Structure formats: C-alpha cells, structure tokens
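Please look over the sequence and the structure before reading on.

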Amino acid sequence: MKYAVSEKIATLTFDRPERANALDIAGWEAMRAAFERADADEAVNVVVLTGEGKHFCAGIDLSVLAGLQETLTGKQKEIEEQLRDFIANLQDCITAIERCRKPVIAAVYGGCIGGGVDIITACDLRYCTTDAYFSVKEVDLGIVADLGTLQRLPRIVSPGIAAELAFTARRVDGKEAQRIGLVNEALANAKQLQFRVGQTADAIAAKPPRITAGIKATLLHQRNHTLPEGLDYVASYSAALMAGRR
Ligand SMILES: C/C=C/C(=O)SCCNC(=O)CCNC(=O)[C@H](O)C(C)(C)COP(=O)(O)OP(=O)(O)OC[C@H]1O[C@@H](n2cnc3c(N)ncnc32)[C@H](O)[C@@H]1OP(=O)(O)O
C-alpha cells in the first residue's frame, strides 16, 4: 500500500493493479498499518483511499480463501477458533479505518468487489466514477459476508437495499450507487473524480483536526447508541474540547 502526504492530505493507494488490487494477508495488514500511520501522523488531517490501475479493489485474494484449509489444524472446535481468529483479524484491518481519527474519503473507480465493499463502508465519505461498479460478492463464493458489510451497509443505504445486494451479489454501477446513497457523488470520469475528491479533502483539511476528529467520533458513537446517549456523549466531548482538555 502506498502512503503519500501533501498539504495535510494522506493518499493511501492499493498498489497491486496486476491482481485488480485484491488483498492477500500482507495487503490487509499493510492497509491497517497505513491507517494507523495516518492516525498518528501530525502532518495529516484527512485521508484519501484509492487504488492503482483499472480497479479499486477486487476484495480478498482468492488464493487466500483457497489455501485457508491447509493452514488449519486440530479438531473441529480448534479449527473453528482458528477461522474465527482469521476473520476477526481481517475485520480489525478494516475497523482501523474507523479507529483512524482523521476523516477518510474513498475514491472508487472500476470494480469494488466483496472485501472492497467492506472497506468503503468503513470510510466516512465515498465518491466514484459513473462506470465504477460495486458487488457484495461473498454469496457467490459460498460465504456470508463477514468483514463488516452486513453491519455497515444497511446504515448507509436502506436496510432493504443492503439485503438485496447481499442476497444477490448484483452489480451496482456508479449512477445507481449515487441514487441509493452508497456514494455521495458519481463523477463522469477519473479526472473529475480526482478533482471532486481533492476539493472535498482540501475543504476538510482546512478545518481544525480536533474538531473533525470530534465529528468523526460522535458520528461513529451515535451508530450504536440511543439519541439520549449520543447527546450525552457529545456534551461531554464538546465540554472537554471547550475546556481545552482535548
Ligand atoms: C471475505 C472477503 C470476501 C471477498 O472479498 S469475496 C470477493 C472476492 N473477489 C472476487 O470474486 C473478484 C474476482 N475477480 C473478478 O471478478 C475480476 O477479476 C474483476 C471484475 C475484479 C476484474 O475483471 P477484469 O477487468 O476482466 O480483470 P481480470 O483479468 O479478471 O483481473 C486481472 C488479474 O487480477 C486477478 N484477480 C482479480 N481478482 C482477484 C482476486 N480477488 N484474487 C486474486 N486475483 C484476482 C485476475 O485473476 C487477473 O490475473 P491474471 O491476469 O493472472 O489472470
């Protein structure tokens, strides 16, 4: 994964275009490390996530799934535990995007498939080209999507649409992605996508990072809490900010 910083914007780029940016284990862990680095990097106020080549991300490297059986040892219960650890580790690589206190913008072109959708649903903002396409592909591989799409997608698009996409693996193009709210905007081509994402990143990068971190934390907090709990959380957060403790 490439990491570059300019004008307070970190650009994280999947760099395996010859495999459509499919992620092997090293790729997943490199993504987590890159978000941890951006979180700690004082020169960074906002992160853009994108990819090299034709596709944004073709999900998990299929050779990882094919080779998984060989890495498992022991009785059924032990195998189950190893599989659970394997899944939890990949989930954590994605949750690193939410742990990163800087707002994260996904810039999607070409295919965004399976694990690629898990990844973009953990980002704060999403933009794409009109010819981009998205597929919650796991059902076709005989697996329940288990890296976060089933939890995060229904909070971005409607629960009914999320269910349809997960049950059918149907491809959604950029225009539809905009219509259903999966992305903020679908742009006509890569150049316009880059321009629009740059504009948004610049606008966010110019804001005080303590405040954008507070907005991100509060938005993420409200997902799992009631309205009164959310108000309570933001009152404490805001008070700490105003008192100079954060
Ligand atoms: C827990 C998570 C689960 C998941 O993530 S489930 C989803 C898993 N991913 C997939 O099922 C996607 C499989 N790939 C495809 O459907 C297609 O590819 C694309 C639509 C992404 C791109 O199609 P095109 O533009 O025609 O390119 P190309 O020639 O098929 O791919 C370029 C090279 O990339 C390799 N590749 C693509 N996806 C993966 C992958 N997921 N794992 C490993 N390799 C992949 C291909 O094989 C090929 O390589 P070569 O030129 O040597 O044949």
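The sections below cover the domains, their interface, and side-chain pairs.

## Basis of the model

This is a predicted model, in which local features need pLDDT of at least 70, side-chain atom pairs count only at pLDDT 80 or more, and totals for chains, interfaces and linings use all residues. Residues are numbered from 1 along each chain as its sequence is written, and side-chain values use heavy atoms, with hydrogens and water left out.

## Two domains

The protein chain is assigned domain 1 (2-205) and domain 2 (209-242); such bounds come from an automatic or database domain assignment. Taken over C-alpha atoms, the centres of domain 1 and domain 2 are 25 Å apart.

## The interface

In domain 1, 12 residues are in contact with 7 residues of domain 2 (contact means heavy atoms within 4.5 Å). The two domains bury about 730 Å² between them, with 51% of it on carbon and sulfur atoms. Buried area is the accessible area (1.4 Å probe) that two parts lose on being put together, summed over both. Glu98, Arg101 and Arg155 supply 54% of the area that domain 1 buries against domain 2, more than any other three residues.

Across this interface the rule finds 2 salt bridges, where a salt bridge is a side-chain nitrogen of Lys or Arg within 4 Å of a carboxyl oxygen of Asp or Glu.

## Salt bridges in the whole structure

A search of the whole structure gives 17 salt bridges. One of them joins Arg99 and Glu36, whose closest N and O atoms are 3.8 Å apart. Arg99 belongs to helix α3 (residues 76-99) and Glu36 to helix α1 (residues 25-40), so this pair ties together parts that are 63 residues apart in sequence. Helices (H or I, at least four residues) and strands (E, at least two) are DSSP runs, numbered from the N terminus.

Another salt bridge links the side chains of Asp124 and Lys216, at 2.9 Å from N to O.
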